Amino acid sequence: MELVRATEAAAIRSAPFIGKGDKLAADGAAVDAMRKFLGTVNFSGLVVIGEGEKDNAPMLFNGEEVGNGQGPACDIAVDPIDGTSLTAAGRGHAISMIAVSDRGSMLDASSVFYMDKIVAGHEGIGVLDIRQSVAENIRALAAAKKKRVDDMRIAVLDRPRHAALIEEIRATGAGTRIILDGDVAGGINAARHDSRIDMCIGTGGSPEGVATACAVKALGGFIQGRLAPGSDEEREKGAAAGLLFDHVYEANELVRSDNTFFVATGVTDGELVRGVRREGEIITTESIVLRSRSGTVRRVSADHLVAKWLDS
């Protein structure tokens, strides 16, 4: 619940900026709130995946220590808003998220920004392989799920680099679910047993891939990743950090722990969680909590007094 309080705080503080066109203000408010609440958590947390170099973050940066210094030593991955552009535009599927695992267990992929990823539910284990063609993977997963290929729904980030990938998916007869932003939620939805998404595939953030792996392990799902450096310089930086290229990272390499937590609170409405809502003097939030050791998924709905959180 301490982790939930941190994601709730980030989501609530960012809510006044939903649809206002200022993603930096939304992100700044979320970062400040999450950092404050993480400082009270009874653990010694090391930020392995934070706001990072891409965001030039003053807080929750990679390598920062958070928590009150008591309790277990943990690696943490944070994204106060996964989907800042979605938040600024007033679009759905933005979340605030934290992933936690035992200290030293998360792959530090921060030196290489992007990763090719494939995520699905438990039916994908022993069936999917990122080295296979998209068509082979779709047909294999459809067979494992006892579904027709044309009933399959594949989530893909809406990026120019995915134009050919989208064509390949549709050529099989499967349908696409185009994600504007926020591929962590897309990956989790692909791994959920009750989701309309069967698979999430494409090139997205490598830190987000590691965070997604924490959730996928709790769901008993399937994930693979392969680093996709954008330049020779980035490849050299990654190699110097001990990262492997032309290597398929399995779930247990992305996170080498069977004790993971993943917590997310909705900022805007999405399939994973509902967004922040205000009715009069009450703010309502919805969060999801996943734990790999127990294999549980919990949903937390909470009402908050506006006076405790917002100026008006």
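Reader: Let's start with a single residue. Where is G83 found?

Author: This is a predicted model, so keep that in mind as we go. G83 sits in the loop between β3 and α4, the latter covering residues 84–89.

Reader: Is G83 buried or exposed?

Author: To read burial, look at the relative accessible area: under 20% counts as buried. G83 has 5%, so it is buried.

Reader: Which residues does G83 touch, leaving aside those up to four places away in sequence?

Author: G83 touches A94 and D181. G83 and G182 are 99 residues apart in sequence, yet their C-alpha atoms are 4.9 Å apart.

Reader: You mentioned D181. Which residue does D181 form a salt bridge with?

Author: The general idea comes first: side chains of opposite charge can pair when their charged atoms come close. Here D181 pairs with R159, and the closest N and O atoms are 3.5 Å apart. D181 is in the loop between β7 (175–179) and α7 (183–191), while R159 is in the loop between β6 (153–157) and α6 (163–171), so the bridge ties together parts that are 22 residues apart in sequence. As for R159, its relative accessible area is 24%, which makes it partly exposed.

Reader: How many salt bridges does the structure hold?

Author: There are 13 salt bridges. One of them joins the side chains of D75 and R103, at 3.7 Å from N to O. That pair links distant parts of the chain, 28 residues apart: D75 belongs to strand β3 (residues 73–82), and R103 to the loop between β4 and β5 (114–120).

Reader: Which residue does R277 form a salt bridge with?

Author: R277 pairs with D269, and the closest N and O atoms are 2.9 Å apart. R277 is partly exposed at 31% relative accessible area, and D269 is partly exposed at 39%. Salt bridges can also be linked up: K145, K147 and D198 form a network of them.

Reader: What does β9 look like up close, and how many bridges join β5 to β9?

Author: Six bridges join β5 to β9, and the two run antiparallel. Within that pairing, I118 stands opposite Q224 of β9. β9 also runs antiparallel to strand β10 (residues 249–250), with two bridges joining them. Follow Q224 across to β10 and you find E250 as its bridge partner. Strand β9 itself (residues 222–227) is mostly covered, with five of its six residues buried.

Reader: In which sense do β6 and β8 pair?

Author: β6 and strand β8 (residues 199–205) pair in the parallel sense, over two bridges. A155 stands opposite C200 in β8.

Reader: Which residues lie nearest the centre of the largest cavity?

Author: Of the 15 lining residues, K117, D183, C200, I201 and G202 lie nearest its centre. Two or more lining residues come from each of β5, β6, α7 and β8. β8 gives the largest share, five residues. By class, the lining has seven nonpolar, six polar and two charged residues.

Reader: And what is the volume of the second largest pocket?

Author: A pocket, unlike a cavity, is open. The second largest pocket has a volume of about 390 Å³. Its lining counts 19 residues, with M1, E2, L3, V100 and F261 nearest the centre. Elements that each supply at least two lining residues include α1 (2–14) and β4 (95–102). By class, the lining has twelve nonpolar, three polar and four charged residues.

Conventions: Residues are numbered from 1 along each chain as its sequence is written. This is a predicted model: local features need pLDDT of at least 70, side-chain atom pairs count only at pLDDT 80 or more; totals for chains, interfaces and linings use all residues. Side-chain values use heavy atoms; hydrogens and water are left out. On a 1 Å grid over the protein atoms alone, a cavity is a set of points where a 1.4 Å probe fits but cannot get out, and a pocket is an open set with protein on both sides within 12 Å along at least five of seven lines; lining residues have an atom within 4 Å of a point. Grid points are joined across faces, edges and corners, and a volume is the space filled by probe spheres set on the points. Helices (H or I, at least four residues) and strands (E, at least two) are DSSP runs, numbered from the N terminus. Ala, Val, Leu, Ile, Met, Phe, Trp, Tyr, Cys and Pro count as nonpolar, Asp, Glu, Lys and Arg as charged, and the others, Gly among them, as polar. A salt bridge is a side-chain nitrogen of Lys or Arg within 4 Å of a carboxyl oxygen of Asp or Glu. Buried means under 20% relative accessible area, exposed over 50%, partly exposed in between (1.4 Å probe, protein chains only). Contact means heavy atoms within 4.5 Å. Two strands pair if DSSP finds at least two bridges between them.
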